[in-house]
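Hi everyone, thanks for coming. Let me put the structure up on the screen, and then I'll walk you through a few spots in it.

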Amino acid sequence: MSATLKGYALPDDRGYFGDYGGSFIPEALQKIMDDITAAYADIRKDPEFHKELAYLYKHFVGRPSPIFHARNLSRKLGGAQIYLKREDLNHTGAHKINHCLGEALLAKKMGKKKIIAETGAGQHGVALATAAVLVGLECDIYMGEVDIAKEHPNVVRMKILGANLIPVTRGTKTLKDAVDAAFEAYLEDPVTQLYAIGSVVGPHPFPMMVRDFQQVVGVEAREQFQEMTGKLPDNLVACVGGGSNAMGLFTAFLGDESVSMYGVEPSGRGLSGGEHAATLTLGKPGVLHGFKSYLLQDEAGEPLPVYSVASGLDYPGVGPQHSLLKDLGRVRYVTADDRETIEAFFTLSRTEGIIPALESAHAMAFAIQHAPTLDAGKTILVNLSGRGDKDIDFVVEQYGKKYNV
Ligand SMILES: *Cc1c(COP(=O)(O)O)cnc(C)c1O
């Protein structure tokens with residue numbers, strides 16, 4: 001590991017990436033987090049664990065996911081060549097299965113009986129329910145009643161997979177209330193359960209641990225890209241909700257100074273109106289859900305309501321390592337709005353035959369704008385974090401007319 005990479009990548013003993021991260025939780029929960037940190041430190045050194053995870057990545061998830069040279073799109077745009085890391089081809093359709101399998105295996109090693117989590121749009125719930133079945137754990141998923149009504153296919157998937165879906169009826173009956181409910185349930189029984197956080201967020205060790213489980217994306221991509229082109233990519237692009245798919249891709253390239261990196265946040269209906277989730281673009285440091293990071297917050301430090309056409313991106317916080325990478329200037333954080341994202345969704349579908357998740361379409365939107373500004377010899381590698389099947393009904397209902405569907 002190069003000196004530069006080390007400085008960017010490792011949290012200190014208390015889980016800080018520079019000023020960000022750490023652990024801001026009740027004392028009772030801190031003891032549990034310390035146990036998880038210790039257990040993770042053990043398995044991180046355990047070749048058996050890595051062997052098992054590598055086996056599941058290959059034979060269950062279908063890794064390595066390929067890199068695809070988007071020739072039609074590159075030709076149409078002019079400028080840099082666009083390549084896609086195809087996380088959409090993973091079993092369950094996105095990158096989330098990478099860290100859910102890691103968390104489920106960790107829970108099993110720790111002797112836990114059950115794995116629990118909240119879910120918003122249901123993507124994390126489905127990936128976790130899948131991992132739980134495979135590893136042999138019970139699975140409780142907390143989900144707001146409003147989201148349950150909206151996300152029917154994922155609700156059905158979780159039930160088919162045998163997860164207990166627990167409707168959350170308090171407050172706004174959406175993601176934030178589901179987080180609160182899941183946290184309370186966890187506090188009641190932290191001994192037999194493990195709370196599996198869905199991104200590189202939460203108290204230490206989760207930002208580090210989820211990042212480590214996702215870094216397979218970048219490790220593969222680095223090798224595959226060099227094999228295909230003889231060089232490293234000039235630019236990396238990934239969407240940023242909590243930031244796990246972006247960290248997964250970026251980590252393997254942090255020490256490569258020739259590689260520029262872009263994290264794309266959702267500017268929703270526009271940065272000026274408050275209907276967005278551009279945390280690193282407009283937020284300020286604060287504490288939420290047990291960790292310190294950039295945060296969209298009001299004057300009292302309460303999290304602001306957030307919005308994006310991609311429900312996997314509407315989170316008012318962001319992984320602490322991204323906050324450090326922003327301050328260091330190592331990664332540039334940019335935005336794509338709903339309109340640009342929907343346009344990119346159809347552009348990729350109709351030039352390459354790949355329907356992207358709306359989250360991933362944010363990364364595509366930036367790449368589509370950026371490519372024509374670069375020389376023809378340059379390259380852009382986009383993390384295509386997930387497939388768009390989950391989004392097609394919504395897109396057709398909202399935008400079908402404009403795009404002749
Ligand atoms: C959940 C999700 C995201 C956002 O999560 P990150 O932690 O920021 O990666 C992005 N893409 C897809 C397809 C998702 O399901």
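A word on terms before we start: helices (H or I, at least four residues) and strands (E, at least two) are DSSP runs, numbered from the N terminus. Please keep in mind that this is a predicted model, where local features need pLDDT of at least 70, side-chain atom pairs count only at pLDDT 80 or more, and totals for chains, interfaces and linings use all residues. Residues are numbered from 1 along each chain as its sequence is written, and side-chain values use heavy atoms, with hydrogens and water left out.

Let's begin with the overall layout. The protein chain is divided into domain 1 (16-57 + 96-210) and domain 2 (63-93 + 215-399), with bounds that come from an automatic or database domain assignment. To their contact, meaning heavy atoms within 4.5 Å, domain 1 gives 27 residues and domain 2 gives 31 residues. The C-alpha centres of the two domains lie 23 Å apart.

So where does the ligand lie? It lies between domain 1 and domain 2, because both give residues to the shell around it. That shell has 18 residues, and the closest are Lys96, Ser199, Gly243, Ser244 and Ser385; a residue is near if one of its heavy atoms lies within 4 Å of the molecule.

Now for some polar contacts, that is, pairs of N or O atoms within 3.5 Å. A polar side-chain atom of histidine 95 is 3.0 Å from an oxygen atom of the ligand. From serine 385, a side-chain N or O atom sits 2.7 Å from a ligand nitrogen. Glycine 241 uses a backbone N or O atom, 2.8 Å from a ligand oxygen. Taken alone, the ligand exposes 380 Å², and the protein buries 97% of that; these areas come from the Shrake-Rupley method with a 1.4 Å probe.

Let's stay with glycine 241. You'll find it in the loop between strand 9 (235-239) and helix 12 (244-250). Is glycine 241 buried or exposed? It counts as buried, because its relative accessibility is 9%, and buried means under 20% relative accessible area, exposed over 50%, partly exposed in between (1.4 Å probe, protein chains only). Leaving aside residues up to four places away in sequence, glycine 241 touches Gly312, Leu313, Gly317 and Val318. Valine 318 is 77 residues away in sequence, yet 6.7 Å away in space, C-alpha to C-alpha.

That's my tour, thank you!

Methods: Polar contact = N/O pair within 3.5 Å; in protein donor to acceptor, adjacent residues only side chain to side chain.
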